[in-house]
Amino acid sequence: MTTTTFQMLVGGQSVPAVSGATYTSLNPATGEAWSTLPDGDAADVDHAVRVADAAFRSDEWRRLTASARGKLLRCLGDLVADHAVELAELETRDNGKLIRETRGQLAYLPEFFHYAAGLADKLEGSTLPIDKTDMFAFTVHEPLGVVAAIVPWNSPLYLTAIKLAPALAAGNTIVIKPSEHASTSILRFAELVALAGFPDGVVNVVTGFGAGAGAALTRHPLVRRVAFTGGPATARHVVRATAENFAKLSLELGGKSANIVFDDADLEGAVNGAVAGIYAASGQSCVAGSRLLVQDGIYDRFVAALRERIARITIGDPLDPASDMGPMATEQQLGVVETMVARAREQGVTVLAGGKRPEGHAGWFYEPTLLECESADLDIVQNEVFGPVAAIMRFSDEDDALRLANGTEYALAAGVWTRDLARGHRMARDVHAGIVWVNTYRAVSAMAPIGGYGASGYGREGGIHSVLDYTELKTVWVNLSDKPMGDPFVMR
């Protein structure tokens, strides 16, 4: 089969790997090779980081006003909008996400660049009301330097945008390392950065595998900030690597999010929320609502309605707008899902729907699966699957729901379904999660922070705080007195 060849982007130039090595990316819907990419390693990373560092120190970028950076970001957002159809198709071919979803994400993605553009010249410092009459003190926000962005395969452009946009707004430069399974949309996006007018070297993309390019990037001595999205196991390596250079770090990791349905919930809305929470993107979302907690009084009706809704899900080619669910992004991840469901069966769970590969599909597809669980201690209830598998359990009252919801090491997201507004607020307050949706699920906005606690990571992406997190805070003291400084051994 003919494959399309892509190159890395470093210093505004399309370049192969220094070694000349390449690898192929497979289409999850067919299992066939469709693109060839450079297999970058430590030498490529070193070159990209040094180029980014030189760009950061250059007058062309460093002396650019904050308002001018904002204009570049707005232009980039407009270009993403202009090329949204192309970018969505590239992403769907690479990771198997439904074209309906990638087109939807790309339609909204420009807002992240527009929002960051508006913040670029709003990073104001403060004058400090210090208790010394002969001194004036103030603070300023300064960019950090080279940022490393490590991006996974499930939503490459979205997860790039929420790192890159605030980093550039603050005046940093960046090196992006996409997943080896889904790099093409980011490489095409990087070409739009040059069209928007950003100086060469401000944005760079190095492709390759985690053990080579990824590890070298996170431990590079010139990297001052690492933004990582991925799994806890890899995150531990990233933490150790950044500790060597004291680079700032944010981690957006996994989840085992509870979708909590109370007796008084709107049944149709809650069922749709459950489907959106776990079967959209084939469950390959950090915020997937993979634990369905349903109150006793509505449990049987909810299960019946959900099973009927699952039966109507159309599995098919992700490029077909009529498909409701596409394949897993990688064959390895499909194997993980199969192994975890098999283990759940051994532990006595009841399979209410799905639980196997669908017939008649050549790619890495898995049926939308619903598992009835009697114990919160089961592996399938405690551990992230990252696939279209929901574990459903009963609860009796609010306290029981909270006990179950807060009963994992993850704390990324949660959903609450109830007509009782006071209850919704109580649950939002008491559920241990960085994001809580009430009577909705998977809603996003450029203005809303994203992130979790515990094994779900730390730091936030999105909102004004994300821009500030790509800066250093400097304090400046000015002596207003015309007298000599005085005794040098006395703190002032």
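## Exercises on a sheet and a pocket

The model contains an open sheet of 3 strands in the order β1-β5-β4, with mixed pairing. The model is predicted, so local features need pLDDT of at least 70 and side-chain atom pairs pLDDT 80 or more, while totals for chains, interfaces and linings use all residues. Residues are numbered from 1 along each chain as its sequence is written.

**Exercise 1.** Find which strands stand at the edges of the sheet, and why one side of each is left without a neighbour.

*Solution.* Step 1: strands are DSSP runs (E, at least two residues; helices are H or I, at least four), numbered from the N terminus. Two strands pair if DSSP finds at least two bridges between them. Step 2: β1 (4-5) and β4 (22-26) each have a single partner strand, so one side of each has no neighbour in the sheet. Step 3: β1 runs parallel to β5 (residues 33-38), joined to it by 2 bridges. In this pair, T4 stands opposite S35 in β5.

**Exercise 2.** State which element gives the most residues to the lining of the largest pocket.

*Solution.* Step 1: α9 (210-218), β10 (223-229), α10 (232-245) and α13 (331-346) are the elements that give two or more residues to this lining. Step 2: α10 gives the most, with 6 residues.

**Exercise 3.** Sort the lining of the largest pocket by class.

*Solution.* Step 1: Ala, Val, Leu, Ile, Met, Phe, Trp, Tyr, Cys and Pro count as nonpolar, Asp, Glu, Lys and Arg as charged, and the others, Gly among them, as polar. Step 2: the lining has 18 nonpolar, 15 polar and 4 charged residues.

Conventions
Side-chain values use heavy atoms; hydrogens and water are left out.
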